[in-house]
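Please read them with the structure open.

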Amino acid sequence: MGYLIFTIFMTIGAMETHKVLFLIFFFIDLLFIGLTLDSFGIMGEFPHKLAAYSELIISLLSFYGCGASVLNEHFGKTFLPVGKPFGIFK
């Protein structure tokens, strides 16, 4: 539950970077919600599946974000788009 609280703050901060990073943190939030509910035995099998699918999506988004970071920097242009910041807080 402590990691969930921390990642909620990080998710808010990620809103001002780019959308791929925001989505990674959003799914990390879902992962920790699932793990927290599962550890307390709430809602049966659903939280475990939520955590599992969230972790799969996190890994796919992270591979994309990693590739975008390297390729965009290497080519000096937007090779893989990551989306603009939401611009809510700035």
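Which residues are buried in α3?

1. Buried positions of α3. They are Pro47, Ala51, Ser54, Ile58, Leu61, Gly65, Gly67, Ala68 and Asn72. Buried means under 20% relative accessible area, exposed over 50%, and partly exposed in between, with a 1.4 Å probe and protein chains only. The cover over the buried residues of α3 includes α2.

2. Basis of the values. This is a predicted model, in which local features need pLDDT of at least 70, side-chain atom pairs count only at pLDDT 80 or more, and totals for chains, interfaces and linings use all residues. Residues are numbered from 1 along each chain as its sequence is written, and side-chain values use heavy atoms, with hydrogens and water left out.

3. Overall layout. The protein chain has three helices and zero strands. Its pattern along the sequence is α-α-α. Helices (H or I, at least four residues) and strands (E, at least two) are DSSP runs, numbered from the N terminus. The C-alpha atoms fill a box of roughly 50 × 30 × 15 Å along the principal axes. Of the 90 residues, 29% count as buried.

4. Contacts along the chain. Take the contacts with a separation of 6 or more: 56% of them join residues 24 or more positions apart. Contact means heavy atoms within 4.5 Å.

5. Helix α1. This helix covers residues 2-14, 13 residues in total. From first C-alpha to last, α1 reaches 18 Å, close to the 18 Å expected at 1.5 Å a residue. The expected span is 1.5 Å times one less than the number of residues. Leu4, Thr7, Thr11 and Ala14 are buried in α1. Seen down the axis, the buried residues fall within an arc of 75°, so they line one face of the helix. That arc is taken from the directions from the helix axis to the C-beta atoms. An α-helix has 3.6 residues a turn, so residues three or four places apart point the same way. Gly2 and Phe9, on the other side of α1, are exposed. The buried residues of α1 pack against α2 (19-39).

6. Met1 sits in the segment before α1. Met1 counts as exposed, at 57% relative accessibility. Leaving out residues up to four places away in sequence, Met1 touches Thr36 and Phe40.

7. Asp29 lies in helix α2. Not counting residues up to four places away in sequence, Asp29 touches Leu4, Thr7, Ile8 and Thr11.

8. The nonpolar core. The largest such core has 14 residues. Ile24, Ile28 and Ile58 touch the most other members. α1, α2 and α3 each supply at least two residues of this core. The largest share, eight residues, comes from α2. A nonpolar core is a set of buried Ala, Val, Leu, Ile, Met, Phe, Trp, Tyr and Cys residues joined through side-chain atoms within 4.5 Å. Ile28 is in contact with Thr7 and Ile58, leaving aside neighbours within four places in sequence.

9. Span and end of α3. Helix α3 (46-75) has 30 residues and reaches 43 Å from its first C-alpha to its last, close to the 44 Å expected at 1.5 Å a residue. Just after α3, Gly76 takes a positive phi of about 70°.
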